[in-house]
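The sequence and structure are shown first.

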Amino acid sequence: MTFELGVYSFGNTPRLPDGGRGPTAQALRDVLEAIKLADEVGLDYFGVGEHHMRAMPLSSPTSVVNAAAAATHRIKLGTAVTVLSTDDPIRVFQQLATAASLAPGRIELVAGRGSSTITFPLFDHDEHDYDLLYASKLDLLMAVNAGENVTWHGPHRRRPLRDVTVFPRPEEPLKIWLGTGGSPDSVRRAVELGLPMFLGVLGGTPERWARYGHAYRDAWDQVGHPADRAEIAVAVHGFVAESDAQARATYLEYEHRMMAEGMAELGRPAPSRADRAAQYGPDGMVFVGGPDEIADRILHLHQLLGHTRQILQMDVGGMPQRDFLRGIELLGTKVLPQIRAELLAAGGDGESP
């Protein structure tokens with residue numbers, strides 16, 4: 001299975017010269033520009049995340065995926081993640097099936113519970129139903145994705161579905177990943193449902209995340225799922241610049257600003273600059289550096305975890321669009337060729353084990 005490299009974004013509202021924020025609409029236009037460039041430079045995947053904040057205003061990822069499906073040629077596109085607990089699984093399927101009609105074989109979905117409960121009051125849901133809503137809606141999403149003539153009932157709907165087909169139908173079912181921050185319950189759920197696992201990582205060590213991967217694969221083997229479907233994707237913070245020093249100086253400024261402002265909006269304390277900087281080294285999980293450094297660190301994690309895809313969030317904290325676009329260019333033209341060459345030299349046609 002070929003190792004895939006890509007980018008993800010929650011939108012990045014630009015900063016004005018006086019330090020204020022520019023229009024959130026510009027953040028959406030910037031994301032589409034970045035997706036087009038990622039397609040042009042040969043990256044494999046662009047993930048569109050979901051947040052509902054002024055700084056990260058990409059609240060409707062399926063809408064952006066549809067726009068990108070019509071504007072790109074080869075890159076795979078998907079959500080990263082859809083907060084399924086507070087969305088409607090039938091509408092999510094319809095919107096992404098529409099994108100898959102425009103870009104056959106290129107549209108995927110990462111379904112997650114969400115890293116906070118910020119969307120519950122927004123969409124008039126009860127936070128106490130956090131897990132119930134996610135489990136029920138994920139079950140329905142998988143049912144409508146699997147085929148036509150669905151009969152289904154579950155706790156999040158008052159009325160059951162009886163022999164219903166949801167349109168449009170993509171030529172093949174959408175690929176659905178289970179999104180998780182690494183909880184053991186999510187690992188078990190992914191295995192029980194036979195879904196590939198999408199890890200959203202903000203900290204820790206490569207060795208710690210490798211343990212999650214091993215637990216997932218061991219459980220997968222125990223229940224007898226086909227080994228080639230035990231895929232793991234990893235989403236991390238990261239940035240590529242011309243040199244290690246330039247990348248670290250640039251990213252620390254914008255990532256720390258994003259964390260300070262975002263955590264304040266959620267009512268949580270933000271990590272210090274020193275704490276985040278500590279994650280930038282080889283023992284951390286923030287992938288910041290020049291092309292050689294990034295390629296080496298991704299290959300090291302791949303050796304430990306055996307993941308099949310890694311995507312980086314680079315546009316954070318009002319980072320200028322030109323820096324983001326240059327990072328995408330370096331990721332596609334410098335980092336990805338190194339990774340593919342190293343894997344090929346190791347005896348795998350640039351493929352994962």
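## Helix packing

In α1, Leu28, Val31, Leu32, Ile35 and Lys36 meet Val64, Ala67, Ala68 and Ala71 of α2, where contact means heavy atoms within 4.5 Å. The residues of this contact of α1 with α2 comprise eight nonpolar, no polar and one charged; Ala, Val, Leu, Ile, Met, Phe, Trp, Tyr, Cys and Pro count as nonpolar, Asp, Glu, Lys and Arg as charged, and the others, Gly among them, as polar.

The model is predicted: local features need pLDDT of at least 70, side-chain atom pairs count only at pLDDT 80 or more, and totals for chains, interfaces and linings use all residues. Residues are numbered from 1 along each chain as its sequence is written, and side-chain values use heavy atoms, with hydrogens and water left out.

| Helix pair | Axis distance | Axis angle |
|---|---|---|
| α1 and α2 | within 10 Å | roughly 40° |
| α2 and α3 | 8 Å | about 5° |

α2 is therefore roughly parallel to α3 (angles under 35 degrees). Thr62, Val65, Asn66, Ala69 and Ala70 in α2 meet Gln95, Leu96, Thr98, Ala99 and Leu102 in α3. That contact of α2 with α3 has six nonpolar, four polar and no charged residues.

Helix α1 covers residues 24-40 and reaches 25 Å from its first C-alpha to its last, close to the 24 Å expected at 1.5 Å a residue. Its buried residues (under 20% relative accessible area, 1.4 Å probe, protein chains only) include Ala27, Asp30, Val31 and Asp39. Just after α1, Gly42 has a positive phi of about 90°.

Methods. Helix = DSSP H or I, 4+ residues; strand = E, 2+ residues; numbered from the N terminus. Expected span 1.5 Å × (residues − 1). Buried < 20%, exposed > 50% of the residue type's maximum accessible area, 1.4 Å probe, protein only. Axes fitted to C-alpha atoms, helices over the stretch in contact; angles between N-to-C directions. Parallel < 35°, antiparallel > 145°, perpendicular 65-115°, else oblique.
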